[in-house]
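Biologist: I'm new to this one. Could you show me the structure and let me ask how you know what you say about it?

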Amino acid sequence: MAGPSYPRIMANVTYDRREQLKQIESGLLDGEKVIAVYDAIGAGTGFIGLTDRRVIIQDKSFIGKKFAITSIPYSKITSVSVVSNKSWGGSFFSTGAIAINVGTHTYEVEFRGDQKSHHVHNVILHYIS
């Protein structure tokens, strides 16, 4: 008898919206654990999810109100960047945006607050290093 899905969430998971977390939970692989799910702002991206196996991005940039849930294994990510319009004289994580490079494609995700971009950057960097 299968138990509820909540044990598949890491104890210290952080998230902005419960419905986004539930959407990520519904597509987890066996043994996969959620680390964080953050709401994204700006055009194109709905949210980003981090698990112990991959990055999951909701892409809303399709024509006709369509969207995609894109899974990116950490092994396919070539770099992660902090995106800023400030000079290097300011705080390194003064912005709330990151860029994830996968081959020739770059996913840019903007957050409400610099702590979220810092967390996403560090989790991705941990798994790609």
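Modeller: Gladly, and please keep in mind that this is a predicted model. Let's begin with strand E2, residues 34-39.

Biologist: What makes you say that E2 is largely enclosed by the rest of the structure?

Modeller: Six of its six residues are buried, so E2 is largely enclosed. E2 also pairs with strand E3, residues 45-51, in the antiparallel sense over five bridges.

Biologist: How do you know that E2 and E3 count as paired?

Modeller: Pairing needs at least two bridges, and these strands have five. In one of them, Tyr38 has Ile48 of E3 as its bridge partner.

Biologist: Why is Lys116 called buried?

Modeller: Buried means under 20% relative accessible area. Lys116 has 18%, so it counts as buried. Lys116 is in helix H2, residues 114-128, and touches Asp16, Tyr38 and Phe111, leaving out residues up to four places away in sequence.

Biologist: Which residues of helix H1 are buried?

Modeller: In H1, residues 18-26, they are Gln20, Leu21, Ile24 and Glu25. They cover an arc of only 140 degrees around the axis, so they are on the same side of H1. The face turned away from that buried side carries the exposed residues Glu19 and Ser26.

Biologist: Which residues have the most contacts inside the largest nonpolar core?

Modeller: Ile48, Leu50, Val55, Ile100 and Ile124, in a core of 20 residues. Among the elements that each supply at least two residues of this core are E2, E3 and H2. There is also a second, separate core of eight residues, including Val13, Ile24, Val37 and Ile56.

Technical notes: Residues are numbered from 1 along each chain as its sequence is written. This is a predicted model: local features need pLDDT of at least 70, side-chain atom pairs count only at pLDDT 80 or more; totals for chains, interfaces and linings use all residues. Side-chain values use heavy atoms; hydrogens and water are left out. Buried means under 20% relative accessible area, exposed over 50%, partly exposed in between (1.4 Å probe, protein chains only). Helices (H or I, at least four residues) and strands (E, at least two) are DSSP runs, numbered from the N terminus. Contact means heavy atoms within 4.5 Å. The arc is that of the directions from the helix axis to the C-beta atoms. A nonpolar core is a set of buried Ala, Val, Leu, Ile, Met, Phe, Trp, Tyr and Cys residues joined through side-chain atoms within 4.5 Å.
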